[in-house]
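These are my notebook entries on a structure that I looked up. The sequence and the model come first, and the entries follow.

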Amino acid sequence: MDKIVINGAKPLCGKIEVSGMKNSAVAIIFGTILTEGKCVIENLPNISDVTDGLEILQSVGAVIRQLTKTTFEIDTTRIIPGSAPFDLVRKMRASYYILGAELGRFGKSKSAYPGGCDFGGRPIDQHIKGFEALGANVVVEGGYIDANATPNGLVANSVYMDVVTVGATINIILAAVKAKGTTIIENAAREPHIVDLASFLNAAGASISGAGTDVIKIKGVSKLHGVNYAIVPDMIEAGTYMIAAAATRGDLYIHNVIPKHLESISAKLEEMGAIVEEFDDAVRVTCSERPLTRVNVKTLPYPGFPTDMNPQMGVLLCLAKGTSTLSEGVWENRFKYVDELRSMGANVNVDGRIAVFEGGTVFSGAVVKAVDLRAGAAMIIAGLAAHGKTEIEEIQHIQRGYEDIVSKLRGVGADIKLISVPSTSMIDAKKAN
Ligand code: EPU
């Protein structure tokens, strides 16, 4: 198993570039299924969630050509619906977008129940409710989700989301793009990746309005065509580097970003005493000699403070002066990283969805693990701020969502390296075969 080794307590300074947004990329690559043609998708981040997604597409019959490191041509003309292999689908959460996309194009799909990071329960009732509202029959059985439209195809309807959910909003958009009539999604999620998916689909001939608000209207069209499309920058990757700059008392110019997407993060950093400057496609975060001060944070759906920044923010709250609270408004259990931070010296109490951080921690390097993707990013930030050597294990979680994070951070002064550790245990050796 590979690991990341950091010798910390060095400020990060310089320019760092942000890659394409993971959560847009995984929606759009499955969205290409609806186009029945060739799409060229640019700015796809080079991360394992994208390669896994492309592998799933290939396994159901898509022809994929890599044109550059981050540009792929995807031809979905000859897809066979319902043929995605169980084990591949289980590897990633967003694989369930194949359901909406195949249902939208073929009126049928069958796919394994998806995997992904474990934050407590991850129900899919709202996805199923949406598919059923469009007239599909959905059966969950034996680890599979089987969805079928009637012979007349899907029919538009109004769908009210009982909770604000990114995944269900995306899946219903995908299913409704070609349904007869106008589908209305109320209480829809407003995340930038939903806007990005709608922009991609509209460029391919769909008729979607209201993406980015809580009411999305999808007027069914008969056909979508191939298109060239570039994914927007990843707001969570950008936010991760913003926090890393503040945590190391550095000075980072973070470019290829959309500053508007980062407003909730910028606002909290400024409240804590960091300086955030906005440019057209960049933000600069600097930290003066003054200590960062305590703050209360609550994670919420966009445009609130993102849940996917909870662990990274948790690290900063350990370093700030005073007692801070971090309240999780999206997931049941997003504080599994706290145990790892404790082993580096953090003083945190978790009670359900609220964590209280006693600030002023001086982190000391330790052997920790990435319990999930964003928790792994938090361990990197803690390691960068810590005195001594930090070793992060189980970094496959980090590789799911951060392109070249080790070399990007090395480029701005971090003493960080990726180490390949040959497998010694029988179990690991078996897994590798
Ligand atoms: N929910 C339901 N029923 C559903 C679906 C969701 O009750 O049918 C609940 C969930 O339990 C949760 C809330 O709704 O409490 C929000 O879940 P959502 O559906 O928005 O999450 P998701 O689509 O599974 C995406 C991101 C996550 C991110 C969340 C929230 C992707 C591939 N994943 O997940 O990103 O945390 O939205 O913003 O887009 C990450 O990138 O590290 C990550 C985990």
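**Entry 1: a loop residue**

I looked up Ile258 and found it in the loop between β14 (251-255) and α9 (263-272); helices (H or I, at least four residues) and strands (E, at least two) are DSSP runs, numbered from the N terminus. The model is a predicted one, in which local features need pLDDT of at least 70, side-chain atom pairs count only at pLDDT 80 or more, and totals for chains, interfaces and linings use all residues. Residues are numbered from 1 along each chain as its sequence is written, and side-chain values use heavy atoms, with hydrogens and water left out.

I noted Ile258 as partly exposed, at 31% relative accessibility (buried means under 20% relative accessible area, exposed over 50%, partly exposed in between, with a 1.4 Å probe and protein chains only). Leaving aside residues up to four places away in sequence, Ile258 touches Val232 and Pro233; contact means heavy atoms within 4.5 Å. I also recorded a separation of 5.6 Å between the C-alpha atoms of Ile258 and Asp281, which are 23 residues apart along the chain.

**Entry 2: a helix pair**

I then turned to helix α1 (residues 22-31) and helix α7 (residues 192-203), which pack at an angle of about 30° with their axes 9 Å apart. Axes are lines fitted to C-alpha atoms, for helices over the stretch in contact, and angles run from 0 to 180 degrees between N-to-C directions. Because of this angle, α1 is roughly parallel to α7 (angles under 35 degrees count as roughly parallel, over 145 as roughly antiparallel, 65 to 115 as roughly perpendicular and the rest as oblique).

From α1, Asn23, Ser24, Ala27, Ile28 and Gly31 make the contact, and from α7, His193, Asp196, Leu197, Phe200 and Leu201.

Apart from residues up to four places away in sequence, Ala27 touches Tyr97, Ile170 and Leu197.

**Entry 3: cysteines**

How many disulfides does a search of the whole structure find? I recorded zero disulfides, a disulfide being a pair of cysteine sulfur atoms within 2.5 Å. For Cys287, the nearest cysteine sulfur, that of Cys13, is 11 Å away. I noted Cys287 as buried, at 11% relative accessibility, and Cys318 as buried, at 0%.
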